[in-house]
Amino acid sequence: MFANRTLSTIAALAISVPAPMALAGADDIVGGIIGGVIGGAIVNHGRQTQPRTRTQTRSTTVRRAPAVSSAQRQQNRDVQTALNYFGFDAGGADGVLGRRSRAAISSMESFLGLPPDGQLTSFERDILLSAHTRALSGNPDTVRLISTSPLGARAALRAQKDLMTGGTGQPALRTTGYPGLPLEVSRAVDEVAASSDPSPEQLLQRSGFIQLSDLNGDGRNDYIIDTSFSGSSFWCSPTECKTMVFVSTPEGYARNDMLAHSPTAATFECFGASCRLSEDANAPVVASTPAFPAPAAPGGTTLAATAPAEAAPVAPVLPSFGGAVAELSLASHCGKVNLLTATRGGFVDVSSGGERSVALAEQFCLARNFAIDEGEQMVSAMPGTTMDMVQAQCGSFGPAMAAQLTALSARPEADVMTEVSAFALTTGMSPEQLRQTATLCLAAGYRADDMDVALGSALLMVAMGSAPHAELLGHHLNDGFGTAKRPDLAVEWYSTAIQALQGGATPVFAPNQPDRTALLVWAAAPGQGAGAGASVQPVPAALPSFAAPAQD
C-alpha cells in the first residue's frame, strides 16, 4: 500500500534529517506553525503536566494530589448549583466534583445529546453556566420559554446549547416579526428554517411558501405556511406535508397544524380560531382578495396573496465540480441538525427506519463535536496556552495545504494521499508532532468554522495513520462543506474509515457507541446515504501506527 510506504519514509526522515534541512523546501507558513506556540506546547506539555507530584524520601515515595484553588472550588460550586437547578442531582454544592456530581454531569450530557462520559468540558461548562444565568435573569422571553415548554427549566439549557452550536432554530425567542408578518407567523418561519438549508429570508422570497386569505371571514388576513417549499423531508411524508394555518383572533393569531398536499385557501374550513381540512380538499382554487395589502418580504418581494393552481417546483441544488465552492457554515448546519435530533428525541439508527442522509448529518456533527472536545482537552493540559492562541497559529494551515485541498474535490483518495504524504515530508516535524499538531488544528478549524484548516488537519491525521479520521473527509465531500459536493468521491473516504474500524482500529469519534460502525455502513452505502449513483469500489484501509514517545 502507498500509505504504508510513505509513512515509513516519513518516520525515517523524521529521525535522520535535521529539521533545518527538511524545512528548506517547506512553505514559510508551515515554519511559522512549527516555531509558534503549538510546536513548543505539544512537545513539552506531557512532561510539564503530571497529574500527581512525587516527594522522594529515604524509604518511601509519597504521592499527593495537587491542591484545588479557591477559584476552581467556587467554579465547581457554580456547576453543582446549576446542575441542581436543571434537575440533575449533584448533591450539596461543596465544590468537589465527586461521583454524584459526575453522574449528574453524565445525565446532563445525555439530555443534550453529548457523549455521556461525566467529564465536563469547557464547552459544556459554558453551556450549563450561561443557561443558568439566563434562566435566573428574569428575561421575558426566557421566562416564556420555560413556562410554555414541557421540558420546563431544561428548555433554557437546550436552547443555550443550540445557540452556542450555531443553531438558528429558536422561534420561541423571537420578539419582533418579519416586515409585514405577525410575530406568531414569523416564529413559525424560523422554525421551518431551523430544519432546512434555506434561511428565513430565502424562504420568504419563495412564492407559495406563505399564502394569504381571509379564512374565517373576520375581515383580517390569515396565513398558510406550506412547509414543502423548505425542501426538507423533516416536514413531509411521501404524500403530504405539514401545513401551518394561522387565523386571526381578538387575542392574536391561533395556529392550526395539519397534513395536506399542495394546500390552498380552499383546502381549509376555519371558524373562529379553529380550522379543519375541507370535505373537498381538492376543490378548484378560487381567487381571494386579502383584507389588507400583502406584506413585503425582506428584499422587497411581495408575498403571494393567493396560491397558484400549481406551485412551481423548487429546483434542486446540483453539485458543482468546478469553479468556486459556495461558502457554507458547518456550525450553523450542525446547530440545525442538533435541534432536529433533540426534537426527535435521539439519533437516527439502523432500526428506526429513518433517512440515511439524516443519519450521516448527525454523525458528521457528532464527529465535529468530538474533534473540538479532544483539542480543548489537549489545550487544557498545556500551561500558558489557550485555544485562541492555537487558533491563531492554525490559521496558516489551510493556505499551506491549498494544493492538497484543491485535489480533494477533484481526484481519487489515493492521489490525494500521495500529495498529502509528500507535503508531510517537507515539514521537518516528527510523525508524533504532526499528529498532535493536526489534532489541535482540527479542533481549532471546526471551532472557528474554518473549513480549510479543518480539512488540512483531517488529511494529515489520515496520512499519520489514523484511518478513522477519513470519515470526516467523506462527510465534507458528501455535503460540500469546504469542498465541492462530490458524494461519488466521498464513498472512498467513508470506506477507508469503515474498513479500518471493522479491522479493529480504535474509534476516534463516539468510542462508547459500539453500533456506530454498523450505522455508518448502513448510512454511507453507495446509492443510499452517500454517493448516489456511484459504483466506486471500496479502497482497503492502511493502518500504520506510530507510538507516542514514552513520558518519564
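Tutor: Two packed helices are described by the angle between their axes and the distance between the axes. Here, the axes of helix α13 (residues 356–380) and helix α22 (residues 516–523) come within 9 Å and cross at roughly 135°. Axes are lines fitted to C-alpha atoms, for helices over the stretch in contact, and angles run from 0 to 180 degrees between N-to-C directions. Helices are DSSP runs (H or I, at least four residues), numbered from the N terminus.

Tutor: This is a predicted model: local features need pLDDT of at least 70, side-chain atom pairs count only at pLDDT 80 or more, and totals for chains, interfaces and linings use all residues. Residues are numbered from 1 along each chain as its sequence is written, and side-chain values use heavy atoms, leaving out hydrogens and water.

Student: Which residues in α13 and α22 meet?

Tutor: Contact means heavy atoms within 4.5 Å. From α13 come R356, A359, L360, Q363, L366 and A367; from α22 come R516, L519, L520, W522 and A523. The residues of this contact divide into 8 nonpolar, 1 polar and 2 charged. Ala, Val, Leu, Ile, Met, Phe, Trp, Tyr, Cys and Pro count as nonpolar, Asp, Glu, Lys and Arg as charged, and the others, Gly among them, as polar.

Student: At what angle do α13 and α20 pack?

Tutor: α13 and helix α20 (residues 470–479) pack at about 130°, with axes 10 Å apart. In α13, L360, Q363, F364 and A367 meet E471, L472, H475, H476, N478 and D479 of α20. This contact divides into 4 nonpolar, 4 polar and 2 charged residues.

Definitions and conventions: Helices (H or I, at least four residues) and strands (E, at least two) are DSSP runs, numbered from the N terminus.
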